[in-house]
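This briefing concerns the fold of a single model, with attention to its sheet, its helix packing and its nonpolar cores. Please keep the sequence and the structure in view while reading.

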Amino acid sequence: MKNDKYVAVVTEAGNGLGHKFAKILLENGYEVVLAACGKSFELLSKDGEDLHGYQLLKTDFSSEESLRVLEHTIRESYGKLDLLINNAEIVNGFGHKIDQINIEDIKEVYEINFFSIIRTIQTLKPLLNQSEEPRIINITSSLGDINKMKDESFCYSGYSLTAYSTSKAALSMFTHLQCKEFKPSKIKMYSFDPVNMKNCTYNSVAICDGIKDDFISLIERKQMRA
């Protein structure tokens, strides 16, 4: 039996944007699975987010077994996946100079911010292939954009986050390469940077109207636009 529901998975590991993206998706007609790990899962669970219309699943993005459980749950519940939003990220080592950098800390960030995204796409790609209009959106960051970080007017240009910034730069290149790979297929991949030069607040990222509109333009489906 054909499933006409639009199904989205949003990953969340620490930046708090997963809940915001999930809310926007719900408002735009998606069935939403919010896959979260660590403190993010604990906070979302305590906040009673299961009452807000989406399914919250505990997922270890560093574990192939845990991702297979996520894939199985989606397959059993919906039979397909229309939209994957790779939002999971963590940050550490703020302001560390070269003599302070801990290689293990960098590996920890790359595991979530970069390697887990490759792993998640590999695991969920068969479900995306079951969709008529499958999409992947990788959440990038201006902190991984060398041109923006060279701009002294950018509020984060003075930040020194070796692991985070380089992992986001790697994600941007990976997204570019995957766009080329997926071009002949029906899977469309996009990058989305919620850090706007005009809306960054130094301590958090606000999804202001302009940024929200940009995001909605990426998630709109043909049936919605008709």
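How close do the axes of α3 and α4 come, and at roughly what angle do they cross? They come within 10 Å and cross at roughly 25 degrees. The model is predicted: local features need pLDDT of at least 70, side-chain atom pairs count only at pLDDT 80 or more, and totals for chains, interfaces and linings use all residues. Residues are numbered from 1 along each chain as its sequence is written, and side-chain values use heavy atoms, with hydrogens and water left out.

**Helix packing**

- Helices (H or I, at least four residues) and strands (E, at least two) are DSSP runs, numbered from the N terminus.
- Axes are lines fitted to C-alpha atoms, for helices over the stretch in contact, and angles run from 0 to 180 degrees between N-to-C directions.
- Because angles under 35 degrees count as roughly parallel, α3 and α4 are roughly parallel to each other.
- α3 passes α4 in a right-handed crossing, meaning that the near helix is turned clockwise from the far one by less than a right angle.
- On the α3 side, the contact (heavy atoms within 4.5 Å) is made by Glu64, Leu67, Arg68, Leu70, Glu71, Ile74 and Arg75; the α4 side supplies Arg119, Thr120, Thr123, Leu124, Pro126 and Leu127.
- α4 also packs against α6, at an angle of about 20 degrees and with the axes 8 Å apart; these two helices are therefore roughly parallel as well.
- The crossing of α4 past α6 is right-handed, and the residues that meet there include Ile117, Ile118 and Ile121 in α4 and Ala170, Leu171 and Phe174 in α6.

**The sheet**

- Six strands form an open sheet in the order β3-β2-β1-β4-β5-β6, with parallel pairing; two strands pair if DSSP finds at least two bridges between them.
- β3 (55-58) and β6 (188-192) are the edge strands, each with a single partner, so one side of each has no neighbour in the sheet.
- On average, neighbouring strands are turned by 20 degrees against each other, direction ignored.
- Helix α2 (residues 38-46) packs on the sheet and touches β1, β2 and β3; its direction makes about 145 degrees with that of β3.
- β1 is joined to β2 by seven bridges, with Ala8 opposite Val32 in β2.
- β1 is joined to β4 by three bridges, and Val9 has Leu84 as its bridge partner in β4.
- β4 pairs with β5 (residues 135-139) over four bridges, where Leu84 stands opposite Ile136.
- From β4 (residues 83-86), Leu83 and Ile85 point one way and Leu84 and Asn86 the other, and all are buried, that is, under 20% relative accessible area.

**Nonpolar cores**

- A nonpolar core is a set of buried Ala, Val, Leu, Ile, Met, Phe, Trp, Tyr and Cys residues joined through side-chain atoms within 4.5 Å.
- The largest such core has 29 residues, and those with the most contacts inside it are Phe61, Leu70, Leu81, Ile121 and Ile136.
- β1 (6-12), β2 (30-36), α3 (64-77), α4 (103-128) and α6 (162-182) each give two or more residues to this core, and α4 gives the most, with eight.
- Leaving aside neighbours within four places in sequence, Leu81 is in contact with Val7, Ala8, Val9, Leu124, Leu127, Leu128, Ser131 and Pro134.
- Another core, of 26 residues, lies apart from the largest one; among its members are Ala8, Val32, Leu56 and Leu218.

Technical notes:
Buried < 20%, exposed > 50% of the residue type's maximum accessible area, 1.4 Å probe, protein only. Parallel < 35°, antiparallel > 145°, perpendicular 65-115°, else oblique.
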